[in-house]
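Load the model in your viewer and keep the selection tool at hand.

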Amino acid sequence: MTFNKFIKNKRIELNLSQNKFAKSIGITQSYFNNIERGELKNPPSEEVLDKISMGLILNEEEIEYLQFLAAFERTPQLIKDELDRKDKEISYLRGNSSMVENNSVSIDDQIPVFERISAGIGVLGDQEVTEYITLPGIRNHGNIFAVNVWGDSMEPTIKDGSIIIAKKEVEVRNGDIGAFFINDEAFVKRLKVTDSYVALISDNPNYPPIFIGPGEDLKVVGKVIKVLSDI
């Protein structure tokens with residue numbers, strides 16, 4: 001079931017025209033028509049979703065399902081393609097009982113995506129979640145998050161505009177790439193630890209190391225476990 005089809009089916013169940021329903025929740029018919037036709041670039045805002053939920057007289061379970069469908073609509077196409085590939089793989093395994101016995105299938109959890117983090121000069125971390133994505137093989141037990149990365153300081157490892165998947169509450173060792181805060185500025189860098197100094201290193205040689213001086217507040221946000229590029 002897609003986001004727009006779910007809304008359309010529920011409206012039809014109530015025997016309401018597009019025009020009557022749109023007026024009842026305070027939006028234009030043309031905008032609502034775009035919603036039902038799936039012609040919006042992104043799903044409606046949370047405020048409009050709340051109005052639609054009330055207008056369709058959805059119960060709590062249906063509201064959660066609608067929010068899930070909206071979150072999935074915001075998922076990058078590359079990840080949707082990967083999910084589709086995974087679904088086909090699961091269907092194949094289910095059709096071959098001998099293989100199913102040796103393969104367990106799990107449901108991927110949603111991963112919150114934060115607005116941005118700098119791989120270059122540092123940008124204040126934005127704590128508001130902008131969307132949710134799912135990735136095959138990654139279960140989120142509250143310790144996985146994703147961040148949009150801007151800047152070329154970690155190229156070619158992490159391209160400008162990539163999404164990093166990071167895991168909290170794990171050790172970031174010497175040579176690992178992680179998300180860090182230095183005095184409330186956020187960075188994606190490679191950790192360098194020696195007997196003489198601690199520094200955050202860029203993979204792009206055009207950027208100098210960031211040395212951690214006495215009294216500076218270095219916090220490890222998470223270890224980068226996956227990079228999604230070309231999204």
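Leaving aside residues up to four places away in sequence, Arg11 touches Leu16, Ser17, Gln18, Phe21, Phe32, Glu36 and Leu56. This is a predicted model, in which local features need pLDDT of at least 70 and side-chain atom pairs count only at pLDDT 80 or more, while totals for chains, interfaces and linings use all residues. Residues are numbered from 1 along each chain as its sequence is written, and side-chain values use heavy atoms, with hydrogens and water left out.

Arg11 sits in helix H1, residues 3–13; helices (H or I, at least four residues) and strands (E, at least two) are DSSP runs numbered from the N terminus. Is Arg11 buried or exposed? Its relative accessibility is 9%, so Arg11 counts as buried. The cut-offs are under 20% relative accessible area for buried and over 50% for exposed, with partly exposed in between (1.4 Å probe, protein chains only). Now display the side chain of Arg11: one of its polar atoms lies 2.6 Å from the backbone oxygen of Leu16.

Next come the salt bridges, each a side-chain nitrogen of Lys or Arg within 4 Å of a carboxyl oxygen of Asp or Glu. How many are there by this rule? The count is nine salt bridges. Select Lys10 and Glu62, whose closest N and O atoms are 2.6 Å apart in one of these bridges. The pair links distant parts of the chain, with Lys10 in helix H1 and Glu62 in helix H5 (residues 60–73), 52 residues apart. Lys10 counts as buried because its relative accessibility is 15%.

Move to Arg190 and Asp203, whose side chains meet in a salt bridge at 2.8 Å, N to O. Arg190 lies in strand E7 (residues 185–193) and Asp203 in the loop between strand E8 (198–201) and strand E9 (210–211), so the pair ties together parts that are 13 residues apart in sequence. Arg190 is partly exposed at 26% relative accessibility, and Asp203 is partly exposed at 22%.

Then select Lys219 and Asp217, a salt bridge with its closest N and O atoms 3.9 Å apart. Lys219 is partly exposed at 46% relative accessibility; Asp217 is partly exposed too, with a relative accessible area of 36%.

The last stop is the rings. Those of Phe, Tyr and Trp (its six-membered ring) pair if their centres lie within 6.5 Å; planes under 30 degrees apart count as stacked, over 60 as edge-to-face and the rest as tilted. The whole structure holds five aromatic pairs. In one, Phe6 and Tyr65 have ring centres 5.4 Å apart and planes at 80°, so the pair is edge-to-face. Phe6 is in helix H1 and Tyr65 in helix H5, so parts 59 residues apart in sequence are tied together. Phe6 is buried at 7% relative accessibility, whereas Tyr65 is partly exposed, with a relative accessible area of 33%.

Now select Phe21 and Phe32: their ring centres are 5.0 Å apart and their planes at 45°, so this pair is tilted. Phe21 belongs to helix H2 (residues 18–25) and Phe32 to helix H3 (residues 29–37), eleven residues apart. Phe21 is buried at 0% relative accessibility, and Phe32 is buried at 0%.

Technical notes: A polar contact is a pair of N or O atoms within 3.5 Å; within protein, one must be able to donate a hydrogen and the other to accept it, and residues adjacent in sequence count only if both atoms are side-chain atoms. Contact means heavy atoms within 4.5 Å.
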